[in-house]
Amino acid sequence: LYLSSKERYGMLHPGGGQQVWAALEVWATAGRAEGTAERSGATVPIGVKLNSLVTPQPEDVPPMVSSSSKWDVYSSAVYQDVTRVLLSPTLRRIRLLLIARMGLELSVMIVHAVFADVTNAKFGWDAKANGMSMAFSGLLSIVADLGVLPYVHKRCLHELLMVLCGAAMAASGLFVMAVGRTPTTFFLSLALLALGTSLFRTAAAAIILNCAEREQAGQISGAVDAAEAVCRVVAPITGGILLEAFGVAAPPAMALVLCISGALALLEAAPPELKQQLTRATAAEFKEHSM
């Protein structure tokens, strides 16, 4: 797969991956022969090693693309992947899911972009206090990824329900962050935001990739990564403008709107089978609690 992607992005000429693979097999065969000879007690002279057993021929080594053109080829290929996903009429569902996930990602990244400004304005925290609070949030994310997500999968909680539960937790945290005025409420909002983000981020990406055909998986995955990169650029600009124009409550308030909108848009664009699973799971849970 790695060599195929090299060919695709122009870093190896067509067929170069197969040539590299064939050369590696030759080297591996020579290495096994050398090991067998040493185990059998044969004396291998000090300079006679793998490099002397196999001498690669010029045709075994594919020509490399010049370094000046590598970035142009790579960026052009990534751009083509993204535009195919955003403009292709056959990928309408994936396009809507990707836009919905961008809304969820923006809601988190906007808050992260202006985190220090908000805490300094509300509580007068210095860099050390901000670092400790971000460490607290990161630790909760690790706990969620290693402890909560495996438990959720054991409970057979499918991806769409994970996205909705995670978005609900993140939205609750953003609301508390917007209206809270004490450090206690702020740490509560960080906890809700960290746990909710861990839930919806992975599940939303899984929904998008599961909707893609097998031959489109790499293209769709590249589009998801590119969308995240776009969010990383847009989020600081948006957060800074909101903070300067409307005050410290504006960035989390806008993030709350984006989070709810993204979750609803993803629910609307989700495949019918996931919606049916959600309906059945909700009905079964309601029946279990009613009894």
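Over residues 44–71, pLDDT stays under 50. The model still has 33 contacts beyond four places in sequence for these residues. This is a predicted model. Where pLDDT is low, the predicted coordinates should not be read in detail.

## Confidence along the chain

Where is confidence lowest, and where is it highest? Helix α3, residues 50–53, has the lowest confidence in the protein chain, with a mean of 43. Helix α11, residues 250–269, has the highest, at 93.

The protein chain has a mean pLDDT of 76. Of its residues, 64% reach 70 or more.

## Helices and contacts

How many helices and strands does the protein chain have? It has 12 helices and 0 strands. Read from the N terminus on, the elements run α-α-α-α-α-α-α-α-α-α-α-α.

Now take contacts in the protein chain between residues at least 6 apart in sequence. Among these, 75% join residues at least 24 apart.

## Inside and surface

The protein chain has 291 residues, and 35% of them are buried. Its accessible surface comes to about 16,800 Å². Carbon and sulfur atoms account for 65% of that surface.

A116 sits in helix α6, which covers residues 115–123. Why does A116 count as partly exposed? Its relative accessibility is 40%. Buried means under 20% and exposed means over 50%, so a value in between is partly exposed.

A116 can also be placed relative to A129. The two are 13 residues apart in sequence. In space, they are 9.5 Å apart, C-alpha to C-alpha.

Technical notes
Residues are numbered from 1 along each chain as its sequence is written. This is a predicted model: local features need pLDDT of at least 70, side-chain atom pairs count only at pLDDT 80 or more; totals for chains, interfaces and linings use all residues. Side-chain values use heavy atoms; hydrogens and water are left out. Helices (H or I, at least four residues) and strands (E, at least two) are DSSP runs, numbered from the N terminus. Buried means under 20% relative accessible area, exposed over 50%, partly exposed in between (1.4 Å probe, protein chains only). pLDDT is the predictor's confidence in each residue, from 0 to 100. Contact means heavy atoms within 4.5 Å. Accessible areas come from the Shrake-Rupley method with a 1.4 Å probe; for residues, only the protein chains shown count as cover.
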